[in-house]
Amino acid sequence: MPTRRRVVALTFNAAWQTEGLDTVLHVLHHDHTPATFFLTGDFADRHPAAARAIAKAGHGIGNHSYSHPHFPALRSAQRAAEVPRADRAIRTPPAPPRSRSSASRTAKQARRRSPRSTP
Ligand SMILES: [Zn+2]
């Protein structure tokens, strides 16, 4: 970001636990402070609600690899696989669990909306 102003970029790593995330998001919201969160794909897979909360709050999201390996120890193909695997996980975290009643209702609505067509 080219600028002549003195600026600070606030970044957070999100690779392990979600402990403290609610507080961080609350303080950033309260102070109208944007930040960038660097998520691992593994974090997005294990904590989809947290990944969604970060995105919903409007913060930037960066790729922090899938499994946060020690990159110099990896083979080239392994290094090359980490980033796109994380990208997929971050962009499409697992859907939140549905309650049995809403899942059942959705299935009924789907059946109603799209009757089978015969060729
Ligand atoms: Zn790291």
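Partly exposed means a relative accessible area between the buried limit, under 20%, and the exposed limit, over 50%. Asp42, at 25%, is therefore partly exposed. Keep those limits in mind on this tour of a predicted model.

**Stop 1: helix α2**

Select residues 41-46, which form helix α2. Show the side chains of Asp42 and Arg46. They meet in a salt bridge, 2.8 Å from N to O. Both residues belong to α2 and sit four residues apart, about one turn of the helix. Arg46 has a relative accessible area of 38% and is partly exposed. Asp42 is partly exposed too, at 25%.

**Stop 2: helix α4**

How many salt bridges does the structure hold? Two. For the Asp87 and Arg91 pair, move to α4, residues 76-91. Asp87 forms a salt bridge with Arg91, and the closest N and O atoms are 2.8 Å apart. Because the two residues are four apart in α4, about one helical turn separates them. Color by accessibility here. Asp87 is partly exposed at 30%. Arg91 reaches 64%, so Arg91 counts as exposed.

**Stop 3: helix α1**

Select residues 21-30, helix α1. Highlight Leu21, Leu25 and Leu28, which are buried. Now look down the axis of α1. Its buried residues fall within an arc of 65 degrees, so they line one face of the helix. Turn to the other side of α1. Asp22, Thr23, His26 and His30 are exposed there.

Then step past the helix to His32, which follows α1. Check its backbone: phi is positive, near 55 degrees.

**Stop 4: the zinc ion**

Select the zinc ion and display its coordinating atoms. Which residues coordinate the zinc ion? His64 and His68 do, each through NE2, at 2.1 Å. Is His64 buried or exposed? His64 has 16% relative accessibility, so His64 counts as buried. His68 has a relative accessible area of 36% and is partly exposed.

**Last view**

Show the zinc ion with His64 and His68. Finish with the buried Leu21, Leu25 and Leu28 of α1.

Methods. Residues are numbered from 1 along each chain as its sequence is written. This is a predicted model: local features need pLDDT of at least 70, side-chain atom pairs count only at pLDDT 80 or more; totals for chains, interfaces and linings use all residues. Side-chain values use heavy atoms; hydrogens and water are left out. Donors are N, O and S atoms within 2.8 Å of the metal (3.2 Å for Na, K and Ca); water is not among the atoms, so sites may look incomplete. Buried means under 20% relative accessible area, exposed over 50%, partly exposed in between (1.4 Å probe, protein chains only). The arc is that of the directions from the helix axis to the C-beta atoms. A salt bridge is a side-chain nitrogen of Lys or Arg within 4 Å of a carboxyl oxygen of Asp or Glu.
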